[in-house]
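Dear colleague,

I am handing over a structure that will be new to you, and I would be grateful if you could read the notes below with it open beside you.

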Amino acid sequence: AYRWSSGSTATFITVSASGTYWMRATAGCNMLIDTFDVTFLPIPTVALGPDTAFCVGHTLTLSSPQPPGSTYAWSTGSSASSIVVSTSGVYSLTVTYANGCSTTDSRDVTISPYPIVDLGPDTAICDGTSPVLMSSVTYPTGSTYLWNTGSTASSIVVSTLGVYWLNVTVAGCSFADTMEVKNIWDTLHFEMIDTAICLGDP
């Protein structure tokens, strides 16, 4: 028969806390008592944060501060406590305490390019016409648009002369383009030159 310090009479027990445990086994007149010291060592808590995306040209510092004596092993090969990243990828960090216990966490970083916005060259229109303004580039689903008119559509119809701009945001990165709509008569230039001809000449 078995009896543990926890009161269990099973052949084994599962423990989750540090401490001293004893077990007594009896068989007829024979009895055996043994004692076990169990120590649970602390493990690191590694938190690199949620997956993230940002625009090209920027950088992100990844870190997870730990107690003195901890060692760091990044997927990049660095052993520093933090790294600076500027390219897309999954970055992982394994932290090992002095007691030998280790934990790993990872973070997916996506670098998004700035969108190209092209409204085309400035344009001249005739009176009474209403051109449609839109970027010549096709953007993925989920992209957002903002015109200086306040419109959030991908295109606008204009009937007023002036300067128009469109700001497009794709995956959190924004870029804009500007064009001017003029009256065609304002773009035409006439030059009259004084001249003299002989009587009878055509």
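A strand here is a DSSP run of E with at least two residues, and strands are numbered from the N terminus. By that rule tryptophan 22 has its place in strand S2, which covers residues 19–27. Please keep in mind throughout that this is a predicted model.

Tryptophan 22 has a relative accessible area of 33% and is therefore partly exposed, since that term covers values between 20% and 50%. Together with Met31 and Ile33, Trp22 forms a nonpolar patch on the surface, and the accessible area of these residues together is about 320 Å².

Leucine 41 lies in the loop that runs between strand S3 (30–38) and strand S4 (52–55), and with a relative accessible area of 45% leucine 41 is likewise partly exposed. If residues up to four places away in sequence are not counted, leucine 41 touches Asn99 and Cys101. By contrast, proline 115 is 74 residues apart from leucine 41 along the chain, and the C-alpha atoms of these two residues are separated by 50 Å.

As for aromatic residues, the structure holds three aromatic pairs. One of them is formed by tyrosine 139 and tyrosine 145, which are arranged edge-to-face, with 6.0 Å from centre to centre and 70 degrees between the planes. Are these two tyrosines, tyrosine 139 and tyrosine 145, buried or exposed? Both tyrosine 139 and tyrosine 145 are buried, in the sense that each has under 20% relative accessible area.

Conventions:
Residues numbered from 1 in each chain as written. Predicted model: local features only at pLDDT ≥ 70, side-chain atom pairs only at ≥ 80, totals over all residues. Heavy atoms only, no water. Patch = residues over 30% accessible without salt bridge, like charges linked within 9 Å, V, L, I, M, F, W, Y side chains within 5 Å. Areas by Shrake-Rupley, 256 points an atom, 1.4 Å probe, with all protein chains shown as cover. Salt bridge = Lys/Arg side-chain N within 4 Å of Asp/Glu carboxyl O. Helix = DSSP H or I, 4+ residues; strand = E, 2+ residues; numbered from the N terminus. Buried < 20%, exposed > 50% of the residue type's maximum accessible area, 1.4 Å probe, protein only. Contact = heavy atoms within 4.5 Å. Phe/Tyr/Trp six-rings, centres within 6.5 Å; stacked < 30°, edge-to-face > 60°.
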